[in-house]
Amino acid sequence: AEHFFCLYFTFERSMRFGAFEKKCNGLRDAWFVFDSLLVATMVLETWLMTTIMVILSTGDSAGTGMGNAGILRIARLLRLTRMMRMARLLRAMPELLIMIKGM
């Protein structure tokens, strides 16, 4: 499931980047830069760190060749800040909340 979400958010970020008429405007959009940072962190932890840990593992059964990567798991909590954006949108548009509740 983690790989699916990583792929989905990477695809979403790529589509959002492609939607910018001038690609340099992507760096001016603070939310896009923030989301890009979160996706990069997710890709780093899900795919890169896993690959590096497998390559550098010393053959022990615990697979602790890289040590504790728990700090990256804490960084994933930053993704929860995306929910703050949704809450702000729902406060600004209460009709949208009514439509969501009706689904």
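**An all-helix chain and its salt bridge**

The protein chain contains 5 helices and 0 strands, where helices (H or I, at least four residues) and strands (E, at least two) are DSSP runs numbered from the N terminus. Along the sequence, these elements follow the pattern α-α-α-α-α. The model is a predicted one, in which local features need pLDDT of at least 70, side-chain atom pairs count only at pLDDT 80 or more, and totals for chains, interfaces and linings use all residues. Residues are numbered from 1 along each chain as its sequence is written, and side-chain values use heavy atoms, with hydrogens and water left out.

Turning to the chain as a whole, 17% of its 103 residues are buried; buried means under 20% relative accessible area, exposed over 50%, and partly exposed in between (1.4 Å probe, protein chains only). The accessible surface amounts to about 7900 Å², with 71% of this belonging to carbon and sulfur atoms; such areas come from the Shrake-Rupley method with a 1.4 Å probe, and for residues only the protein chains shown count as cover. Of the contacts (heavy atoms within 4.5 Å) between residues at least 6 apart in sequence, 56% join residues at least 24 apart.

Helix α2 deserves a walk along its length. This helix covers residues 30–56, has 27 residues and reaches 36 Å from its first C-alpha to its last, close to the 39 Å expected at 1.5 Å a residue; the expected span is 1.5 Å times one less than the number of residues. At L44, α2 bends by about 35°, the bend being the angle between axes fitted to the seven residues ending there and the seven starting there. The buried residues of α2 are F32, D35, S36, L38, V39, T41, M42, E45, T46 and M49.

A search of the whole structure finds 1 salt bridge, defined as a side-chain nitrogen of Lys or Arg within 4 Å of a carboxyl oxygen of Asp or Glu. The side chains of D35 and R16 form such a pair, at 2.7 Å from N to O. Because D35 sits in helix α2 and R16 in helix α1 (residues 2–19), the pair ties together parts that are 19 residues apart in sequence. The side chains of D35 and R16 are also joined by a polar contact of 2.7 Å (a pair of N or O atoms within 3.5 Å; within protein, one must be able to donate a hydrogen and the other to accept it, and residues adjacent in sequence count only if both atoms are side-chain atoms). D35 counts as buried, at 2% relative accessibility, whereas R16 is partly exposed, with a relative accessible area of 23%.
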